[in-house]
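Trainee: Could we walk through this one together, with the cut-offs spelled out as we go?

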Amino acid sequence: MTAAARSDRPGNARRPWVLWAITVLVLALMLLPVAVVMLFSLNSQSSLIVFRNVSLTWYRTLFHDGPMLSSLLISAEIAVIAALASLLLGTLLAFGMQRGGRAGSTTANGMVFLRLVTPETATAAALFLLLTQMKITLNFWTIVAGHVALCTAFVAVVVRSQLSGINRETEYAAQDLGARRLGALWLVVIPQLRATLVAAGLLAFVLSFDDFVTTYFTAGVGTQPLPLRIYSMLRFGVTPEVNAAGVVMLAMVAVVLTATALGVVIVRRRAVGRTRIDR
Amino acid sequence: MIGVSKRFKSQYAVKSVDLSVDEGTFFSILGPSGCGKTTTLRMLGGFITPDEGEIRLGGEQVNSIPPHRRDVNTVFQSYALFGHLSVADNVAFGLKRKRVRSAEIRQRVGDILRVVSLEERAHAKPAELSGGQQQRVALARALVNMPKLLLLDEPLGALDLKLRRQMQTELKHIQREVGVAFIYVTHDQEEALTMSDRIAVMNEGRVLQVGSPSEIYERPANLFVAQFIGSINALPGTYRDGIVSLDCGASITLGSSGSSGLSDGDAAVACIRPEKIMLASPDVPASSSVAGTIAEATYLGSGISYRVRMSDGATAEVLAARGAGQVPSVPVGTQVDLRWLTDDCLLFHRNSGQAIGDLAAAVDTAAGA
């Protein structure tokens with residue numbers, strides 16, 4: 001390639017490695033902590049800094065650590081319930097936001113936005129004070145309630161943005177062809193939202209599973225969800241068992257993601273092309 | 001529809017509309033954007049409730065019957081196909097709502113897809129089809145239910161010209177074949193003229209005229225209709241004592257019935273279609289003509305279109321079709337006389353647009369009687 005040809009191309013085309021270098025650097029910055037966690041979970045000695053040999057000791061410890069496993073389970077339970085509840089409520093809210101008429105939707109939009117931008121510590125503390133005032137003992141369900149309050153807003157925003165792109169005429173067409181108003185929604189709008197609903201549900205699951213702040217303010221004296229347990233472990237001396245727990249959490253989210261993706265594919269395959277015609 | 005009106009906020013979108021469509025006919029509602037044709041269609045479909053008046057289907061009042069229970073189907077402008085369903089599922093949708101038996105669904109869906117030439121693509125998804133094919137799916141999906149009335153909301157707007165022409169012919173054939181009454185809404189007057197058995201012309205919420213294509217074209221009831229359909233020359237003039245004197249020099253004598261409702265000094269407009277004006281040499285004596293000069297000549301292949309400048313500075317468009325023999329084209333700058341038959345001259349009040357009937361005799365020049 002001649003020097004002239006090389007200098008003709010735009011900046012990044014002349015030195016493509018620059019773009020790659022930056023990408024790798026940013027990805028490394030984001031994923032390095034995760035990589036370190038995974039690496040040291042396999043450490044044979046009790047150090048988070050010096051790596052000795054590869055060993056599965058800490059995983060063994062984790063699986064024999066009763067309280068740790070209970071916490072994992074509790075977190076998962078809370079996440080599933082919160083995800084489903086906030087998916088339902090958030091979707092209903094999204095419809096209200098999109099179609100509530102000028103007055104309704106402005107208010108709804110404003111309030112959801114407010115919920116999203118308010119710092120979680122503030123909302124969590126406020127929730128705690130409310131529960132105390134109402135003389136409600138903090139327990140499993142108060143955690144779920146706190147999570148649902150948080151996740152619904154996210155679900156609503158995600159579903160609403162997809163909803164606004166859906167052609168309203170398809171609903172009218174469904175009604176024109178004999179479906180009642182709700183039937184039209186179920187048969188025509190919800191299928192178009194399927195992918196978004198799955199994504200929103202997953203988002204809610206992850207938000208709940210991983211949540212610390214709201215959980216801290218709404219958890220009672222029973223079994224602690226995983227993030228709280230790890231936090232308390234961190235204060236009393238930490239072993240790579242924590243790393244193992246982190247890797248297990250990661251694995252759980254990966255499993256949920258894969259299962260959902262597979263589920264969507266299977267459902268989609270079954271729903272299409274059921275009408276046959278006579279030739 | 002009898003006396004139907006619809007208001008949005010304080011504005012009338014549709015005012016006192018009376019329309020009657022016969023079974024099995026192709027009826028068009030024609031008008032510019034915002035004239036109320038879509039609102040009228042939505043009221044027929046049941047999506048909007050009229051504020052005043054009645055809508056009757058087969059003799060029964062249907063004002064309060066919602067769309068899903070009305071025996072009317074719609075083809076929407078955006079087609080509104082269900083993207084997550086196959087073509088066959090889309091078409092079967094209405095039949096499934098009515099709980100028709102599977103065997104019957106299979107047969108009817110197959111039949112209608114044959115009518116619209118889409119059997120081969122029965123299991124494709126809408127996204128895989130071309131615009132023209134999607135439009136045909138929308139049509140099949142509505143027609144398979146054999147409704148009393150099919151409403152079409154400017155369905156050919158998104159197609160290119162050639163495809164549009166093709167679909168116009170196909171739609172006409174399908175309507176004849178299936179025998180369902182079509183109500184077709186459009187702003188394209190050529191489309192309405194070629195496809196319809198009858199046309200209703202609307203503007204600003206009102207129906208201005210209802211008639212067959214030739215009635216609308218030859219005998220427009222008012223100025224708006226005359227100017228909206230095809231091209232026309234509008235020559236302004238003033239009325240005095242039974243004669244309308246046009247600014248370009250000619251004058252028109254009104255018939256003796258005196259029903260024109262004109263008073264002295266009223267402004268009027270004489271309208272003549274370009275193909276009805278004849279060019280004549282000014283040397284040949286005649287009792288009736290308007291003098292002018294050829295300003296422009298445009299070769300159209302099937303004829304020549306002339307712009308003729310008249311004495312008041314206004315121009316008239318004259319279309320000279322080429323007949324079987326050779327017609328020599330008239331060069332620019334030639335002095336000519338414009339002549340037309342009395343019957344071909346349409347007279348209207350300039351302000352109200354109302355038609356003035358009963359013209360007598362031929363065109364006179366102002367100079368001599």
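Mentor: Happy to. This is a predicted model, in which local features need pLDDT of at least 70 and side-chain atom pairs count only at pLDDT 80 or more, while totals for chains, interfaces and linings use all residues. Residues are numbered from 1 along each chain as its sequence is written, chains are lettered from A and ligands numbered from 1 in the order in which they are written.

Trainee: Which element gives the largest share of the side of chain A that touches chain B?

Mentor: Begin with the contact itself, where 22 residues of chain A meet 29 residues of chain B; two residues are in contact if their C-beta atoms, placed from the backbone, lie within 7 Å. Two or more residues each come from α9 (169–176) and α10 (181–210) of chain A, where helices (H or I, at least four residues) and strands (E, at least two) are DSSP runs numbered from the N terminus. The largest share, 6 residues, belongs to α9(A).

Trainee: How many charged residues does that side of chain A have?

Mentor: Ala, Val, Leu, Ile, Met, Phe, Trp, Tyr, Cys and Pro count as nonpolar, Asp, Glu, Lys and Arg as charged, and the others, Gly among them, as polar. On the side of chain A that touches chain B, there are 8 nonpolar and 7 polar residues, and the charged ones number 7.

Trainee: Why does A:Ala244 count as buried?

Mentor: A:Ala244 lies in helix α13 (residues 241–271) of chain A. Its contacts, not counting residues up to four places away in sequence, are A:Ser41, A:Trp58, A:Tyr59 and A:Leu62. A residue is buried if 20 or more other C-beta atoms lie within 10 Å of its own, exposed if 12 or fewer, and partly exposed in between, with C-beta atoms placed from the backbone. A:Ala244 is buried because its C-beta neighbours inside 10 Å number 26.

Trainee: What is the count of buried residues in α6(A)?

Mentor: Helix α6 (residues 101–117) of chain A has 17 residues and reaches 24 Å from its first C-alpha to its last, close to the 24 Å expected at 1.5 Å a residue; the expected span is 1.5 Å times one less than the number of residues. This helix is hardly covered, and its count of buried residues is 1.

Trainee: Which residues does B:Ile183 touch?

Mentor: B:Ile183 sits in the largest nonpolar core, which has 108 residues, and is listed with B:Val91, B:Ala140 and B:Ala270 as having the most contacts inside it. Such a core is a set of buried Ala, Val, Leu, Ile, Met, Phe, Trp, Tyr and Cys residues joined through C-beta atoms within 7 Å. Not counting residues up to four places away in sequence, B:Ile183 touches B:Val21, B:Phe27, B:Ile29, B:Leu41, B:Leu44, B:Leu149 and B:Leu151.

Trainee: How far apart do the C-alpha centres of the two domains of chain B lie?

Mentor: The assignment gives domain 1 (2–223) and domain 2 (231–365), with bounds that come from an automatic or database domain assignment. The C-alpha centres of domain 1 and domain 2 of chain B are separated by 39 Å.

Trainee: What share of the residues in chain B is buried?

Mentor: Chain B has 8 helices and 23 strands, and its C-alpha trace spans about 80 × 50 × 30 Å along the principal axes. Of the 369 residues in chain B, the buried share is 40%.
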